[in-house]
Amino acid sequence: MKTLVRGGRVVDPAQRIDALRDVFIDDGVIVEIGERLAADGARVVDATGAIVAPGFIDMHVHLREPGQTRKETIATGSAAAVAGGFTAVACMPNTDPALDSPTIVSEVVRRAHAAALARVYPIGAITRRRAGTELAPYHLLRDAGCVAFSDDGATIANARVLRNAARYAIDLSGPFISHCEDAELKGEAVMNEGRNSARLGLEGSPGLAEDVIVARDLLIAEDTGKNWHIAHVSTARSLDLVRWARARGVPTTCEVTPHHLFFVDDRFEDYRADGKVNPPLRDAPDRLALVAGVRDGTIDAFATDHAPHGADEKAQLLSVAPVGFSGLEIAVGAYALAVPDLPLERFVALLSTNPARILGVPGGSLAPGSPGDVTIFAERPWTVDAYRFHSLGKNTPFDGMRFTRRVIATIVAGSVVYEDGRVTPRPARDEFAPRPTEVAR
Amino acid sequence: MRSRSPTRTVAPRSLIDIDDLSRDEIFGLLDRAVSFKQTAPPRDLLAGVPVLNLFFEASTRTATSFTLAEQRVGADVISFAPGTSSLGKGETISDTAITLRGIGVRVIVVRHPEAGFPRRLAEAFDGHVVNAGDGPRAHPTQALLDLMTLRNEFCSLERLHVAIVGDILHSRVARSNIVGMTRLGIDVTLVGPPTLLPDAFAVDGVHIERNFEAVLPRVDAVMMLRIQRERITASLLPPLDDYTRNYQLDRRRLDMLPDGAVILHPGPYNRGVELTDDVLDDPRSRYVAQVGNGVFVRMAVLDLLVNGARAA
């Protein structure tokens, strides 16, 4: 199968290309970038007036399968991914059971392949059952397809366990990913600690709850030499700690969500859980520091922390309603809104080049030989309607907002899986069936 | 705190916090309460109106006071204490609201351990909701009875200076009083240790003071809040001796309080913690007047919400 993306402005930071070019994909792989390429029997995708980028990779999503398929399935999450312009996602291990054994990981990989939409890279647990005490089998998990390791929302409280985990897994290229929240400092918080929590009589979690774990984990990274990724930074001080660690040569990267870049902790007047998320939406100085961190390069990646829930679950009392909301289908518009005038080359680097590099997965470039994964987007206004999400999670604080940038089409392994609002699975015979055991040791 | 004052010509449908009321509505309510105190109102003000007292949290004073107020205006009173685990947690709030309205309830007086529950209930309920206390958030009828008590003592509330002392962080009484008092032009000083009174409470018209004795000589009223012993295990307080050394109202500190000042306490009090027996015996103490006024304030609130303009 051949596909020609014609007439678009190709932005590929990995090759330092920003020019009008055509992209030719054959047999699932990019074979040529050039001017006025011949169709040669290929399906032609008209990208006139649009931007053509290497496929976007969301390195932080929750697909809820196995165990919570009422919230999302691998199939619906994959559909949401391609509808949001993502050709690949990395899914967190907080499923039920957790992604802590090769059997479960293999099943996730199998179901993602059956869905035949986005590529799905599982993130394995650091500890068994994400309980923070016993180490997970990292090499077996890697063989089954895991590209990184994390206990996600269950911050490992025991520094000895975390240090030993990092030492044991030191030979694996997949990073450790930390969700940084100190459970004791956080307490039963439902929002950020500050003037709004004081006034509303709601328990708040201080930014300090994040900062102390970021500091600890970066010190463990330095101590062990393990490559380390800080998930969804939300405070100015966390960013300073990342800068400090980098200056010391610690191999560390970090990501930011669209909601932390755009919203602050003023969304709880109605005592609804629409804005309840971990880490919580912070105050204006933190938000501005995050935007600055994107501009100055401290932040490596955009990652949505796509966390779908049922509408009835989110409608519960603030104390019991679950944390998080859907992010895949608003990401492109929301990031453009949150960081206006970010150079396109940086925008693409944060959504594609850098996540591919951090996770060590194929893609992140349109260079010949790369996977035929392409995201086409344009400056076209649209309004978010969460009810129309492909995700089963219909909640987002961005609902009803007007965006200026939107996804036009998504191509995975040469197949147009999303175009004109329609999601179409890849053909049954797939050149990119995951064969994780072949990953080089 | 926030001084968003409602502007409207019709009476509010529900009372969730003091900021649901304009300055004029607060004064109207207090006038009405005073008139009820002077002359018993007709017993058919709320004749046949089904009022549900829905207390998810134990209460002695407030529940009794509301029940008596409801009976005095002729309402059909139903009281129900569901416990926190069943209703309101299992089923959604809107399902609860629709069910209760379907049964025929027109007014819900609700107390709940979680901040925001009455607001969420009021949004879903086709009737009136009166907040009888939601977690640390609000207790508007308590603030109204405190204002009624102060108004009975001082000819004007404008520029009056009131200190609220103790566990501000967990106090719905403090939060409602801060809003109500600042709305009426009262200067509020909050007193307490940083763990129970974070700096985030300092807003327009509200001052924070850590030195109780520096405040005492210059207040017109001091409101003492209860200290819950579980705050010690939550690492918010050292042994109580240390707290009482700084913040207990005792014989010695009573002498620093001006003669014309009054002492308020929302109850229940812990003798020997935030105050000593001397305080309760002191002629400046207004605890009994406060609980007495509570019944009339609640009658006035029910009248305003159900009968609207007639009460204004």
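The following conversation concerns chain B of a predicted model, its domains and its contact with chain A.

Q: Which domains is chain B divided into?
A: Chain B of this predicted model has domain 1, covering 18-139 + 294-311, and domain 2, covering 140-290.

Q: And what distance separates the centres of the two domains?
A: Taken over C-alpha atoms, the centres of domain 1 and domain 2 of chain B are separated by 26 Å.

Q: How many residues are in contact between them?
A: On the domain 1 side of chain B there are 21 residues in contact, and domain 2 of chain B likewise contributes 21 residues.

Q: Which elements of domain 1 give two or more residues to that side?
A: They are helix 1 (23-38), strand 4 (128-134) and helix 12 (287-307) of chain B.

Q: Which of them gives the most?
A: Helix 1 of chain B does, with five residues.

Q: What about the classes of residue there?
A: The side of domain 1 of chain B that touches domain 2 has ten nonpolar residues, six charged residues and five polar residues.

Q: Changing topic: how many residues does each chain bring to the contact between chains A and B?
A: Chain B brings 18 residues and chain A brings 16 residues.

Q: Which elements of chain B give two or more residues to the side touching chain A?
A: Helix 4 (117-124) and helix 6 (172-183) of chain B do. The largest share, three residues, comes from helix 4 of chain B.

Definitions and conventions
Residues numbered from 1 in each chain as written. Chains lettered and ligands numbered in written order. Predicted model: local features only at pLDDT ≥ 70, side-chain atom pairs only at ≥ 80, totals over all residues. Domains from an automatic or database assignment. Contact = placed C-beta atoms within 7 Å. Helix = DSSP H or I, 4+ residues; strand = E, 2+ residues; numbered from the N terminus. Nonpolar A, V, L, I, M, F, W, Y, C, P; charged D, E, K, R; others polar.
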